[in-house]
Amino acid sequence: MNNFYLKLRCYRIVLFWCVLLISQSSLSQQFSKADILSDLTYLKKSLEEAHINLYAYTTKDRFENNYEKVKQSINQDSLSSLQAKKLFQQVVSQVNNGHTRIPFPIPEYIAYAQNGGTLFPLEVAIENGKVMVRKNWSENTEIENNSELLSINGQPINAILENIYPQISAERKYFKNAQLENMSLPRFYWLVQGEESSFEVEILTNGKRQKHQLKAISAIEDFEMKRDDIIKHKWKLEFIEKSTAYLRPGDFGGELEQYKLFIDSAFVEIKDNETKNLIIDLRNHSGGDDSFGNYLVSYISDKPFKWASRFQLKTSKQLKENTRLRKDTTQAYWKSILNHNDGEIYDYEFGLYEPQPKHKRFQGKVYVLVNRQSYSQSTVTAAQIQDYGWGKIVGEETAEFPNLYASIYNYLLPKTGITVEVSKGKIERISGVDNGKGVIPDIMINDRLLDDQDEILEGLMEILEQ
């Protein structure tokens with residue numbers, strides 16, 4: 001084991017204990033049925049008042065019917081924090097908006113793991129509608145990666161996914177599947193099914209069906225401490241060859257000034273190397289803030305630019321209270337929220353962003369890599385570059401839409417204190433095209449998560465070498 005992975009494991013253990021110590025008192029709390037019903041009513045009302053377009057991807061009838069169904073399912077006298085979060089998320093997920101959600105119950109999951117909790121031992125990728133084994137963490141070495149998972153404990157895998165989907169907020173199934181790959185089937189299986197000690201799985205390999213008995217694995221030692229996240233957070237610059245630079249800008253978040261220093265130094269090095277081709281990797285990207293994406297784009301743009309053709313906000317009493325408590329209300333953006341009437345939807349103009357001086361900008365060919373794990377602002381940035389014609393997009397369709405209901409803020413339900421995240425804004429891509437699709441690459445190359453081969457980057461390099 002090298003030092004990097006040793007440090008990573010130590011960091012995760014420290015993080016687990018910190019979160020556990022902070023949350024332990026709230027995790028043991030039981031909420032009365034009356035409190036749950038009260039918060040359920042508040043949740044519905046607050047979503048209706050605060051969300052910029054609650055019925056963009058559902059109908060009022062579907063939302064109302066689902067709400068009543070969830071309400072009628074409450075038959076216990078009290079619920080734990082985990083049960084309450086799962087219940088509320090069933091309401092929120094019906095909105096079908098990836099940025100409107102009850103966050104995954106991380107404190108409850110960590111507490112479960114620290115108390116010896118176990119998990120289903122197979123991670124999956126969903127390829128062409130099939131659920132394929134991506135990682136096998138079990139002791140059974142007969143199950144190979146790239147085998148199809150057909151069932152768990154006699155339940156068809158598609159039925160299991162349908163039970164999981166109400167715990168995932170997303171505009172469409174393609175996006176739900178991407179999040180399931182990212183957060184992993186073992187975690188979601190625990191969330192929906194609870195703890196199980198053993199599993200009978202049916203696997204299809206090379207046209208042959210086989211059943212295998214698997215033991216549950218330790219959530220910490222056998223899973224969290226062994227796996228790498230799909231999302232890649234770190235900055236990276238390397239030169240694949242003298243004429244081609246590869247830049248992974250990392251998360252669009254954190255300390256903006258540090259990020260700018262990295263981007264500045266990266267483009268100095270790219271220029272000094274007389275680079276002809278620049279590959280910007282926005283795959284497996286968590287998204288973040290537009291100011292980060294715009295600073296990156298300023299190095300490849302040739303004129304003043306916007307990050308969206310239109311940006312709309314909806315203000316509300318709740319958002320105003322949140323803004324007064326948490327934000328700098330002397331800033332024009334936050335001041336605008338306070339200056340509009342409750343429930344009003346209005347356009348907010350960010351103005352034009354200036355490109356870097358010509359002598360600093362990259363003026364060669366730009367290629368932007370995306371895949372279904374390109375989230376939020378990374379999708380918006382890819383669409384921005386595509387629409388202005390400043391680079392070619394390479395890879396697979398993004399799961400998230402570039403016309404995005406996002407700009408989230410969060411608030412607490414009054415009785416349970418559970419966090420709700422809601423979209424207060426809408427971002428429209430530069431082209432104005434809204435076709436119900438993700439960013440469609442100019443050069444389509446499928447990205448398989450089932451192996452360690454980098455099909456997209458390797459495929460692009462083959463094209464550049466022709």
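Colleague: What should I know about the model before I start?

Modeller: It is a predicted model, where local features need pLDDT of at least 70 and side-chain atom pairs count only at pLDDT 80 or more, while totals for chains, interfaces and linings use all residues. Residues are numbered from 1 along each chain as its sequence is written, and side-chain values use heavy atoms, with hydrogens and water left out.

Colleague: How many helices and strands does the protein have?

Modeller: Helices (H or I, at least four residues) and strands (E, at least two) are DSSP runs, numbered from the N terminus. Here there are 15 helices and 20 strands.

Colleague: And what does the radius of gyration say about the overall fold?

Modeller: The radius is taken over C-alpha atoms, and the globule rule is 2.2 Å times the number of residues to the power 0.38. For 466 residues, a compact globule would come out near 23 Å, and the protein has 23 Å, which agrees. Along its principal axes, the C-alpha trace spans about 70 × 60 × 40 Å.

Colleague: What share of the residues counts as buried?

Modeller: Buried means under 20% relative accessible area, exposed over 50%, and partly exposed in between (1.4 Å probe, protein chains only). In this protein, 53% of the 466 residues count as buried. Glycine 425 is one example: it counts as buried because its relative accessibility is 0%. This glycine lies in strand 19 (residues 419-428). Its C-alpha atom is separated by 4.4 Å from that of leucine 313, 112 residues apart along the chain.

Colleague: Where does valine 433 lie?

Modeller: Valine 433 is in the loop between strand 19 and strand 20 (443-444). With 42% relative accessibility, valine 433 counts as partly exposed. From valine 433 to aspartate 387 there are 46 residues in sequence and 9.7 Å in space, C-alpha to C-alpha.

Colleague: Next, salt bridges. How many are found in the whole structure?

Modeller: A salt bridge is a side-chain nitrogen of Lys or Arg within 4 Å of a carboxyl oxygen of Asp or Glu. The search finds 27 of them. In one, glutamate 108 meets lysine 85 at 3.0 Å, N to O. That pair links distant parts of the chain, with glutamate 108 in helix 5 (residues 106-114) and lysine 85 in helix 4 (residues 81-92), 23 residues apart.

Colleague: Are glutamate 108 and lysine 85 buried or exposed?

Modeller: Both glutamate 108 and lysine 85 are buried. Now look at aspartate 229 and arginine 227, whose side chains also meet in a salt bridge (3.0 Å, N to O). Arginine 227 is buried, with a relative accessible area of 1%, whereas aspartate 229 is partly exposed at 32%.

Colleague: Which residues are linked in a network of salt bridges?

Modeller: Lys44, Glu48, Lys60 and Glu64 are linked that way.

Colleague: Finally, which residues form the negative surface patch?

Modeller: Patches are made of residues with over 30% relative accessible area and no salt bridge: like charges are joined within 9 Å, nonpolar side chains (Val, Leu, Ile, Met, Phe, Trp, Tyr) within 5 Å. Lys and Arg count as positive and Asp and Glu as negative, with His and the chain ends not counted. In this model the negative patch is formed by Glu241, Glu458, Glu462 and Glu465. Glutamate 241 lies in strand 11 (residues 236-241), and glutamate 241 is partly exposed, with a relative accessible area of 34%.

Conventions: Areas by Shrake-Rupley, 256 points an atom, 1.4 Å probe, with all protein chains shown as cover. Charge placed at Lys NZ, Arg CZ, Asp CG, Glu CD.
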